[in-house]
Amino acid sequence: MSCRTVCLAVLVSLAIPVSVRSAHAQANAAAVADAGKHFQRGVTMYSEADYRAALVEFRRAYEIAPNAAVLYNIGQTYYQLQNYAAALVALGRYLTESGASAPHRREVEQTIDTLQTRVGKVAISTTAPGCDVTIDDELVGKTPLDEPVLVSIGRRKITALRDGKVAETRFVDVAAGDTVTVSLTADATRGVAAPGQSVTSHGTSQSTITTGWVITGVAGAAAIGLGGYAWLASRDLSDARGTAPVPTNGVNAKRDDLNSKSSKVSTFSHIADIAGAAAVIAGGVTLYLSLSRSKEQETHVAITPTGIQLAGTFR
């Protein structure tokens, strides 16, 4: 039987007790029924491999009527999403809250052993206290943090927010067992835009990028137009050279005409080359600034205990 089939069998078996009995004696019947609906919906989403939707439903069920059995499902769903750190925490809580008689204890302990090889830690500090810190857009706390944060192995996005603004975003690679140290700036004014502008943390405004693309377009158009003129002048010069010989008394006039046409071809060609080079340089610089700007997250979305937090500059 596949791993996913085993997980689904357990999920379905857990749907019934959550929907018919309270996680705590004090929970009222209406809350338990509501939690049961969310749980059952999570089971359905899980069976359809919509793990993110399933996670939302399972978490909501646990918030309404906490039950250790739901933590098992939350941990399994995080595992499917390859969020190994969150899976490790959820399954650890499942064992703690379920006690010695926890169903599936042996299975969960084996899973935890595997998860331990897929996590590391990030020690995060900021130049000033009081910054909200998110990892992969999920709020983990406010600085100073008491201890390193458990994270899944791989590339993680660390962001510091101060006064509702993104102060700095850093990407770090975390290997199994590593504790990576990250120090972030707490200067939320760095890169703050004037009205009507959007900026990166390096201060590159949207108007600067727009101007760069305009220059690239104008230079490119000029290069194409002048190149066309140069080609026409070259063809005219070729035609003039191929005409029949002129009388002796007209040689000088023809030579002057050919020189004039040759000079025109040379002039247009040189200017077209310069315009083309300018278009390439302006385009390259503007593309670099655009890519850098997109990596710096103009808008930042974070999941917090009270909802979704948005920070940044909107256009």
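Let's start with Leu-291, which sits in helix 8, residues 251-295. Helices here are DSSP runs of H or I, at least four residues, and strands are runs of E, at least two, numbered from the N terminus. Note that this is a predicted model: local features need pLDDT of at least 70, side-chain atom pairs count only at pLDDT 80 or more, and totals for chains, interfaces and linings use all residues. Residues are numbered from 1 along each chain as its sequence is written, and side-chain values use heavy atoms, leaving out hydrogens and water.

Leu-291 has 47% relative accessibility, so it counts as partly exposed. The scale: buried is under 20% relative accessible area, exposed is over 50%, partly exposed is in between, with a 1.4 Å probe and protein chains only.

Now Thr-216, in helix 7, residues 206-241. Thr-216 is buried, because its relative accessibility is 15%. A polar atom of its side chain lies 2.8 Å from the backbone oxygen of Gly-212. What does Thr-216 contact, leaving aside neighbours within four places in sequence? Ala-279, Ala-282, Gly-283 and Thr-286. Contact means heavy atoms within 4.5 Å.

Next, helix 5, residues 84-98. Its 15 residues should span 21 Å at 1.5 Å a residue, and the end C-alpha atoms are 21 Å apart, so the two agree. That expected span is 1.5 Å times one less than the number of residues. Buried residues of helix 5 include Tyr-84, Leu-88, Leu-91 and Leu-95. Their cover includes helix 4 (68-80), helix 6 (105-116), strand 1 (119-126) and strand 4 (149-152). Just after helix 5, Gly-99 takes a positive phi of about 80°.

Notes: Polar contact = N/O pair within 3.5 Å; in protein donor to acceptor, adjacent residues only side chain to side chain.
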